[in-house]
Amino acid sequence: MTTTTPGARPVGPAAPLPSRGAAALSGLLATAVALGIAELLAGVLPGMRSLVLAVGDAVVDAVPGWLERAAIATLGTADKPVLVAAVLVVCALLGVAVGLLGRRHGSAASAGVVGVAALGVAAALTDVRTTPVLAVLVGAVGALAGIATLTVLLRAAPRVAAPGGRTGADAGPADGPGVRRRPFLRLVVVAAAVATAGATAGRWLTSTDRVEQIRAALRIPRPAVPAGPVPPEADLEIPGLTPLFVPNEEFYRIDTALTIPQVDPEAWSLSIEGMVDSPYRLTYAELLEMPHLEADITLTCVSNEVGGGLVGNARWQGVPLRTLLDRAGLQPGATQVLGRSVDGFTAGFPVLTALDVEDAMVAVAMNGEPLPAVHGFPARLVVPGLYGYVSATKWLSSIELTTFEDELGYWIPRGWAREGPIKTQSRIDVPRRASTITAGRQPIAGVAWAPTRGIEQVEVRVDDGPWQSARLAAALDVDTWRQWVLEWDATPGRHTLSVRASDGTGETQTDQRTPVAPDGAAGRHTIQVLVEPA
Ligand SMILES: Nc1nc2c(c(=O)[nH]1)N[C@H]1C(S)=C(S)[C@@H](COP(=O)(O)O)O[C@H]1N2
Ligand SMILES: [Mo]
């Protein structure tokens with residue numbers, strides 16, 4: 001037998017091997033050093049991303065649509081940290097395996113380290129933000145650092161006699177307690193420090209601070225076409241009722257991005273391309289200089305359950321989509337407008353909608369400030385009347401004119417409908433579901449939305465009673481949700497409250513419940529409350 005363990009001492013058969021614990025720890029640290037170095041390089045090099053995040057993104061991309069939906073449903077927005085943690089745990093386990101392998105088979109262990117790095121590189125190569133040469137380079141440097149760490153640690157690791165080897169006083173190089181631990185432990189501390197420092201520095205270098213500073217210093221020009229004034233009767237200001245405009249910090253967030261894309265507006269541009277006569281590019285400065293439109297638009301997610309919180313209303317400002325399309329000159333065959341994000345996400349909707357829906361825009365501001373990073377800085381699409389998954393591309397990098405035969409948006413092959421018009425919906429905010437309130441006069445209040453059609457009527461039913469018309473807050477716009485309230489004389493006992501809205505076409509929400517997939521939940525929000533005697 002020839003010993004190929006990295007750092008194996010030149011001894012004969014059944015030579016003492018690094019102890020299992022020390023070998024496992026060595027492998028773990030070798031992997032950590034490899035990842036730490038890769039993180040550091042990813043932070044320093046433009047055109048390079050974290051290999052860990054690249055693997056996470058690749059997992060998101062690869063899992064079937066139903067699993068992705070289930071993950072979002074059970075974990076909510078915690079799905080992202082959970083995924084990153086899972087990738088790290090798998091790396092740690094692979095590291096331990098490599099370390100144990102290294103006890104006897106050094107070159108196989110080195111190959112294992114290369115394999116772990118190669119997984120990261122393969123994932124990075126599928127990422128549009130990564131320069132391929134850099135990914136390979138970073139993977140190679142990380143792997144070399146990992147192999148070096150493994151070799152040095154295993155060489156210094158405390159040893160035990162190999163099974164079947166010599167034991168007792170005769171055991172030779174097998175270590176007595178405490179004999180060779182100290183140099184090994186010193187190296188362990190060094191390796192852990194290198195890994196931690198690399199990862200921390202890398203993360204810090206890619207941190208949000210820089211783009212956030214640029215964003216904070218921006219001034220968005222006044223819109224050429226401002227939104228109308230907000231009449232005081234448009235917000236009923238009932239405690240517990242969602243405000244007419246949801247503050248940016250509270251606005252729901254849905255996207256596939258593991259980490260929020262940090263886009264430097266100076267380096268960014270938007271291209272209008274595909275089936276157009278004259279494709280062109282706009283810089284951020286050019287986009288700001290064009291005449292802007294301001295509009296109050298309610299945005300919602302197709303994954304919003306009846307009564308759910310994946311809906312919000314904001315004042316958006318940007319360049320009308322029609323202006324941008326007109327300038328490019330649409331070719332007759334073009335039927336789809338496909339927005340593409342800097343991270344590769346896509347969402348598409350019919351050209352007819354783009355031309356018909358007046359307030360569809362490339363937005364640069366949300367509620368009076370530059371788009372927050374999570375909501376798509378520097379620019380995103382907002383199209384009234386369409387669920388976000390087919391329209392509201394954040395971190396927009398291109399608008400491509402194409403057809404539904406040639407290309408489909410990100411979510412369509414994952415089990416969602418090709419077209420996603422928003423269904424008329426209403427939600428009870430007050431009283432809260434399953435809450436206890438006191439008998440007497442109590443408001444039942446909430447919001448209702450049917451973007452592009454408007455809300456004409458909202459009715460509330462208590463138990464099996466008649467449908468009663470709620471009082472509607474003043475309408476801002478057909479694209480904006482409306483608050484509503486019904487004063488209720490609550491009597492002691494358990495009660496069931498239901499709501500239904502009718503849109504501007506006169507159509508009333510169905511009571512037939514459908515799940516969110518494939519084209520959005522239908523059905524009426526119904527809650528139970530307990531009324532206690534006053
Ligand atoms: N780049 C990118 N844009 C995206 C998404 C995404 O995953 N990536 N998700 C879409 C979906 S499904 C919705 S509902 C809206 C949500 O926008 P918000 O996070 O600003 O509320 O963004 C849309 N735009
Ligand atoms: Mo969505």
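Predicted model: local features only at pLDDT ≥ 70, side-chain atom pairs only at ≥ 80, totals over all residues.

Author: R427 is buried, with a relative accessible area of 7%; buried here means under 20% relative accessible area, exposed over 50% and partly exposed in between, with a 1.4 Å probe and protein chains only. Its side chain meets that of D429 in a salt bridge, 2.8 Å from N to O. The term stands for a side-chain nitrogen of Lys or Arg within 4 Å of a carboxyl oxygen of Asp or Glu. D429 counts as buried too, at 11% relative accessibility.

Before going on, a word on the ground rules. Residues are numbered from 1 along each chain as its sequence is written, chains are lettered from A and ligands numbered from 1 in the order in which they are written, and side-chain values use heavy atoms, leaving out hydrogens and water.

R427 also turns up among the residues touched by V311, along with Y252, T298, L299, T300, N304, W449 and W481, when residues up to four places away in sequence are not counted. Touching, or contact, means heavy atoms within 4.5 Å. V311 is found in strand β6, residues 311–320. Helices (H or I, at least four residues) and strands (E, at least two) are DSSP runs, numbered from the N terminus. At 5% relative accessibility, V311 counts as buried. C301 is ten residues from V311 in sequence, and their C-alpha atoms are 6.4 Å apart.

Back to the charged pairs. Side chains of opposite charge can pair when their charged atoms come close. A search of the whole structure finds 15 salt bridges. One of them joins R500 and E459, whose closest N and O atoms are 2.9 Å apart. This pair links distant parts of the chain, with R500 in strand β20 (residues 493–503) and E459 in strand β16 (residues 455–462), 41 residues apart. Both partners are covered: R500 counts as buried at 17% relative accessibility, and E459 is buried with a relative accessible area of 10%.

Another salt bridge runs between D255 and K394, with the closest N and O atoms 2.9 Å apart. D255 lies in the loop between α8 (209–217) and β3 (269–274) and K394 in the loop between β11 (380–382) and β12 (396–402), so the pair ties together parts that are 139 residues apart in sequence. D255 is buried, with a relative accessible area of 15%, and K394 is buried at 8%. There is also a network of salt bridges that links R49, D57 and D127.

The loop between α8 and β3 holds N248 as well. N248 counts as buried, at 8% relative accessibility. Its side chain makes a polar contact with the side chain of E369, at 3.3 Å. A polar contact is a pair of N or O atoms within 3.5 Å; within protein, one must be able to donate a hydrogen and the other to accept it, and residues adjacent in sequence count only if both atoms are side-chain atoms. Not counting residues up to four places away in sequence, N248 touches M366, N367, E369, P372 and H375.

Now for a charged residue without a partner. D479 is buried yet has no salt bridge, and the nearest side chain of opposite charge, R453, is 8.7 Å away. For that search, Lys and Arg count as positive and Asp and Glu as negative, while His and the chain ends are not counted. D479 lies in the loop between β18 (471–472) and β19 (482–490). A polar atom of the D479 side chain lies 2.9 Å from the backbone nitrogen of T452. Leaving aside neighbours within four places in sequence, D479 is in contact with D296, I297, T298, D359, P384, P451 and T452.

The chain has eleven helices and 21 strands. Among contacts between residues at least 6 apart in sequence, 76% join residues at least 24 apart. Along its principal axes, the C-alpha trace spans about 95 × 70 × 45 Å.
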